[in-house]
Amino acid sequence: MVPLTMMNAGEQCTIKKIGGKGETRRFLEKLGFVVDGTVTVIADTGGNMIVNVKDSRIAIGKDMASKIMV
């Protein structure tokens, strides 16, 4: 398992674990980041990552992305 931040653009992976406090996990879950869900990295720009989750493009900060283990 590695953090989502270690993935390169174009890579598709399966979410294994969501870390962080309860509030953070609930926030990510509402965005579509759930265990066994699929996430595709679209771009890695500076401090943000653009990912595709459940047919939606989402920009998240690297601090949040580091809590998503794939």
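## Val41 and strand β3

Val41 is found in strand β3, where strands (E, at least two residues) and helices (H or I, at least four) are DSSP runs numbered from the N terminus. This is a predicted model, so local features need pLDDT of at least 70 and side-chain atom pairs count only at pLDDT 80 or more, while totals for chains, interfaces and linings use all residues. Residues are numbered from 1 along each chain as its sequence is written, and side-chain values use heavy atoms, with hydrogens and water left out.

Back to Val41: this residue is buried, with a relative accessible area of 0%. Here buried means under 20% relative accessible area, exposed means over 50%, and partly exposed is what lies in between (1.4 Å probe, protein chains only). Setting aside residues up to four places away in sequence, Val41 touches Leu4, Met7, Asn8, Ala9, Gly10, Glu11, Met49, Ile50 and Val51, with contact meaning heavy atoms within 4.5 Å.

Thr40 is buried, at a relative accessible area of 19%.

Leaving out residues up to four places away in sequence, Val39 touches Leu4, Glu11, Gln12, Cys13, Ile15, Phe33, Val51, Asn52, Val53 and Val70.

## The sheet

Four strands make an open sheet in the order β1-β3-β4-β5, with antiparallel pairing. The edges belong to β1 (12–14) and β5, each with a single partner strand, so one side of each has no neighbour in the sheet. From one strand to the next, the twist averages 35°; axes for such angles are lines fitted to C-alpha atoms (for helices, over the stretch in contact), and angles run from 0 to 180 degrees between N-to-C directions.

Two strands count as paired if DSSP finds at least two bridges between them. Going across the sheet, β1 and β3 run antiparallel and are joined by three bridges, with Thr14 opposite Thr38 in β3. Six bridges join β3 to β4, again antiparallel, and there Ala43 stands opposite Ile50 in β4. Another six join β4 to β5, which also run antiparallel, and Ile50 sits opposite Ala59 in β5.

## The hairpin turns

β3 and β4 form a hairpin with two residues between them, and Gly46 in the turn has a positive phi of about 55°. The hairpin of β4 and β5 has two residues between its strands as well, and in that one Lys54 takes a positive phi near 50°.

## The nonpolar core

A nonpolar core is a set of buried Ala, Val, Leu, Ile, Met, Phe, Trp, Tyr and Cys residues joined through side-chain atoms within 4.5 Å. The largest one here has 17 residues, and those with the most contacts inside it are Leu4, Phe33, Val39, Val51, Ile68 and Val70. At least two residues of this core come from each of β3, β4 (48–53) and β5 (56–61). The largest share, three residues, is supplied by β4. In soluble globular proteins, nonpolar side chains tend to be buried together.

## The salt bridge

How many salt bridges does the structure hold? It holds one, counting a side-chain nitrogen of Lys or Arg within 4 Å of a carboxyl oxygen of Asp or Glu. The side chains involved are those of Asp44 and Lys62, at 2.9 Å from N to O. Asp44 lies in strand β3 (residues 38–45) and Lys62 in helix α2 (residues 62–65), so the pair ties together parts that are 18 residues apart in sequence.

Both partners are partly exposed: Asp44 has a relative accessible area of 36%, and Lys62 has 29% relative accessibility.

## A residue in helix α1

Thr24 has its place in helix α1 (residues 22–31). Thr24 is buried, with a relative accessible area of 18%. Not counting residues up to four places away in sequence, Thr24 touches Met64 and Lys67.
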